[in-house]
Amino acid sequence: MKKTALVSIILVLALLLAFTGCSKKPTDNTDPSQNPGSEATSPTPHINDEAKDIDAESPADWAAGIKVENITKAQAWSHVTAKDLSAEEIAELVKLINGIEANKFTQADEKDTKTAEFGVEITCGEDVYVISQAKSGLKMNFKGAEWLIDNGKLESFIKDQSSWVKFGDADSSATDIG
């Protein structure tokens, strides 16, 4: 009975994090009591407070054109945690995004209904871009359309930064409540 209740609680929390993580702009709160469900992290250094939105017609153009200077904040998240990326991690993220070939973006035929367990939220000026887990690979919404991204290096980086653990694979002793 206790394990069933624990699994139910974890599923509810995972859904809440997935929906709020994708729909809200990140906050600058690092006090865990002010930001329930995420661990305390040092604030992301503001790379450029005057960052401009990126003018691109396609996600491939966006990926090719994004620069560290465009980003005011980046946060990796999973179903259990959220982490602001450091300046060095943002630089690595930009390098990986810039390296995505245009043919690795495919407009989805239908909306991917999988609840993402990990992703990264990138704030550029007033725009927020979310790259997250898809049924296969990654996905992002760009100008109202869903795009699939086939890039294993970027996917691995996001998994590592978000401390993602496949749901159900976590050490049960770490979550055993009695």
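## A buried loop residue and its setting

N151 has a relative accessible area of 15% and is therefore buried, the cut-off for that class being under 20%. The model in which this value was computed is a predicted one. N151 belongs to the loop that connects β7 (145-149) with α4. A polar atom of the N151 side chain lies 3.3 Å from the backbone nitrogen of K153. When residues up to four places away in sequence are not counted, N151 touches I100 and L138.

## Overall composition

The protein chain contains 5 helices and 7 strands. Read from the N terminus, the order of elements is α-α-β-β-α-β-β-β-β-β-α-α. Of its 178 residues, 41% count as buried. If contacts between residues at least 6 apart in sequence are considered, 66% of them join residues at least 24 apart.

## The sheet

The strands form an open sheet of 7 strands, arranged in the order β2-β1-β4-β5-β6-β7-β3 with antiparallel pairing. β2 (82-84) and β3 (105-107) are the edge strands, and each of them pairs on one side only. On average, neighbouring strands of the sheet are turned by 25° against each other, with direction ignored.

| Strand pair | Bridges | Opposite residues |
|---|---|---|
| β1 and β2, antiparallel | 3 bridges | A76 and K83 |
| β1 and β4, antiparallel | 6 bridges | K73 and T123 |
| β4 and β5, antiparallel | 6 bridges | I122 and Y129 |

Two helices pack on this sheet. Helix α3 (residues 87-98) touches β1 (73-78), β2, β4 and β5, and its direction makes about 100° with that of β4. Helix α4 (residues 152-162) touches β1, β2, β4, β5 and β6 (138-142), and its direction makes about 95° with that of β4.

β1 and β2 form a hairpin, with 3 residues between the two strands. In β1, 6 of the 6 residues are buried. In a regular strand, the side chains alternate between the two faces of the sheet. Both faces of β1 are covered: K73, Q75 and W77 are buried on one side, and A74, A76 and S78 are buried on the other.

## The nonpolar core

The largest nonpolar core has 31 residues, and those with the most contacts inside it are W62, L93, I97, I122, I131, M140 and L154. Two or more residues each are given to this core by α2 (59-65), β1, α3, β4, β5, β6, β7 and α4. The largest share, 5 residues, comes from α3.

I131 illustrates how these elements meet. With its neighbours within four places in sequence left aside, I131 is in contact with W62, I97, G119, V120, I122, L138, K139, M140, I149, L154 and I158.

A pair of aromatic rings is described by the distance of the centres and the angle of the planes. The whole structure contains 2 aromatic pairs. In one of them, W62 and Y129 lie 4.8 Å centre to centre with 40° between the planes, an arrangement classed as tilted. This pair links distant parts of the chain, since W62 is in helix α2 and Y129 is in strand β5, 67 residues apart. W62 counts as buried because its relative accessibility is 1%. Y129 also counts as buried, at 8% relative accessibility.

Which residues does A56 touch, if those up to four places away in sequence are not counted? They are D61, W62, F142 and K143. A56 itself is found in the loop between α1 (2-23) and α2. Its relative accessible area is 5%, so A56 is buried. The C-alpha atoms of A56 and I66, which are 10 residues apart along the chain, are separated by 9.5 Å.

Note on methods. Residues are numbered from 1 along each chain as its sequence is written. This is a predicted model: local features need pLDDT of at least 70, side-chain atom pairs count only at pLDDT 80 or more; totals for chains, interfaces and linings use all residues. Side-chain values use heavy atoms; hydrogens and water are left out. Two strands pair if DSSP finds at least two bridges between them. Helices (H or I, at least four residues) and strands (E, at least two) are DSSP runs, numbered from the N terminus. Axes are lines fitted to C-alpha atoms, for helices over the stretch in contact, and angles run from 0 to 180 degrees between N-to-C directions. Contact means heavy atoms within 4.5 Å. Buried means under 20% relative accessible area, exposed over 50%, partly exposed in between (1.4 Å probe, protein chains only). A polar contact is a pair of N or O atoms within 3.5 Å; within protein, one must be able to donate a hydrogen and the other to accept it, and residues adjacent in sequence count only if both atoms are side-chain atoms. A nonpolar core is a set of buried Ala, Val, Leu, Ile, Met, Phe, Trp, Tyr and Cys residues joined through side-chain atoms within 4.5 Å. Rings of Phe, Tyr and Trp (its six-membered ring) pair if their centres lie within 6.5 Å; planes under 30 degrees apart count as stacked, over 60 as edge-to-face and the rest as tilted.
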